[in-house]
Amino acid sequence: MNPRIDPWGIEDIKNYKNLFDEFGIESFEKFRKSLFENRYIRRGIIFGHRDFDKIMNAIQKRESFVMMTGLMPSGKFHFGHKMVADQIIFYQGLGAEIFLCSADLEAYLVRGMDLKTSRNIAVEEYLTNYVALGLKEKNLRFWFQTDYVTPYYRLRDMLSRKVTFNELNGIYGDMAPRKIFSVITQAADILHPQLDEFGGPRPTVVPVGADQDPHLRLTRDLASRFQTEFRFILPSSTYHKFMGGLQGGKMSSSDPKSYIALTDDPKDAIKKIMNSKTGGRATVNEQRKKGGIPEGCMIYDLFLYHLIDDDRELKKIYEDCTSGKRICGECKAICAEVTVDFLRKHQERREKARDVVDGILKG
Ligand code: TRP
Ligand code: SF4
């Protein structure tokens, strides 16, 4: 059987190299230097792409381009979600037009969530935190998949003409009507910014986790089949690694111990940090002798992905850990302190985000 990526599955993607060999995702390496001001790019957390040269070109020539992504409104907004938010804000800062959707139809069809709950989550958890993290109203369009405009729905309906059931089965396995609607809607999410009504054909980048790649393959194929009608430029994508859960395993919205939410009470956050899985040794003595192992340490991951932006400072933590100079107890205490400081400031900024969020929702 052909290998598949299941966007609705729960497995982790462990073998990133496979994605290059089997699916044709390319390494992001060559862009690392030119976009070094982004922490995720600089540190190789964004590891792969399709067709990103088009975006790099637009950035360098200051030509217009689109950043489009969708959020699954599934629960508390945590540090895992912050990665996507930071990327959206990064592209907005580079001058991209931002198209951002709440995947409430997909949540309803594939995750069994009701529309009212998911709408609330999208606003209270996602949008409000995005704005508190720095998302601006300017150059931004936000919509709900179930509540948008005619040209978008027209495109979605038209897209279904040029895809076969066998093809969908090949990409996703085990298709069902609700999944078909979800994936065609997602293709319309990604392509409609290029309709004349929304600004016409231009490069589009979709930053996602590798689990979303099947949608991008399908969407790119569809884009090429509708050349005569719409002259779509095939959308580009980037792929990031995921942070693991605090206790090892997956970071999952359904398990509050696996994540720190950006609205967590700082006291709870401290507890979660103290209970996190580290790369420490069984005894302090052993750690002094052999050093710790930052790879696979959830505390180190928090520093790496979010809390320490200065590369030299991060390098020092790494070296002090592996040489046995740094001990997990004190390291966790420092992590807790930095996290609490971040959460306090962030939660204050959330309070001030309301007006901007209302503005975004009015469109
Ligand atoms: N399927 C995505 C998820 O599960 C959400 C989504 C909907 C999306 N439309 C999109 C992502 C368009 C990227 C682009 O998270
Ligand atoms: Fe992780 Fe810090 Fe312990 Fe090293 S010292 S294993 S970085 S908690």
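1. Asp320 counts as buried at 13% relative accessibility (buried means under 20% relative accessible area, exposed over 50% and partly exposed in between, with a 1.4 Å probe and protein chains only). Its salt-bridge partner is Lys316, the closest N and O atoms being 2.8 Å apart (a salt bridge is a side-chain nitrogen of Lys or Arg within 4 Å of a carboxyl oxygen of Asp or Glu). Lys316, with a relative accessible area of 45%, is partly exposed. Both residues belong to helix α15, four residues apart, about one turn of the helix (helices, H or I of at least four residues, and strands, E of at least two, are DSSP runs numbered from the N terminus).

2. On the basis of the note: this is a predicted model, in which local features need pLDDT of at least 70 and side-chain atom pairs count only at pLDDT 80 or more, while totals for chains, interfaces and linings use all residues. Residues are numbered from 1 along each chain as its sequence is written, chains are lettered from A and ligands numbered from 1 in the order in which they are written, and side-chain values use heavy atoms, with hydrogens and water left out.

3. The structure holds 28 salt bridges. One of them joins Asp311 to Arg43, with 2.8 Å between the closest N and O atoms. This pair links distant parts of the chain, 268 residues apart: Asp311 is in helix α15 (residues 311-322), and Arg43 is in the loop between α2 (39-42) and β2 (46-50). Asp311 is partly exposed at 33% relative accessibility, whereas Arg43 is buried at 14%.

4. A further salt bridge connects Arg50 and Asp213, whose closest N and O atoms are 2.8 Å apart. Here too distant parts of the chain are linked, with Arg50 in strand β2 and Asp213 in helix α10 (residues 213-225), 163 residues apart. Both partners are buried: Arg50 has a relative accessible area of 10%, and Asp213 has one of 0%.

5. The largest nonpolar core contains 72 residues, of which Phe52, Tyr91, Leu100, Tyr130, Leu302 and Phe303 touch the most other members (a nonpolar core is a set of buried Ala, Val, Leu, Ile, Met, Phe, Trp, Tyr and Cys residues joined through side-chain atoms within 4.5 Å). This core lies between domain 1 (18-242) and domain 2 (256-351), because both give residues to it; the domain bounds come from an automatic or database domain assignment. A second, separate core has 41 residues, including Trp8, Leu195, Val206 and Ala223.

6. Tyr130 touches Leu71, Phe77, Ala85, Ile88, Ile89, Leu100 and Leu135, residues up to four places away in sequence not being counted (contact means heavy atoms within 4.5 Å). Asn129 lies in helix α6 (residues 115-133) and is buried at 0% relative accessibility. With the same exclusion, Asn129 touches Phe77, Glu124, Leu262, Thr263, His346 and Arg350.

7. Which residues come nearest to ligand 1? Among the 14 residues around ligand 1, they are Gly70, Glu106, Gln186, Asp189 and Gln212 (a residue is near a molecule or strand if one of its heavy atoms lies within 4 Å of it). A polar side-chain atom of Glu106 is 2.7 Å from a nitrogen atom of ligand 1. For an N or O atom in the side chain of Gln186, the distance to a nitrogen atom of ligand 1 is 2.8 Å.

How values were computed: Polar contact = N/O pair within 3.5 Å; in protein donor to acceptor, adjacent residues only side chain to side chain.
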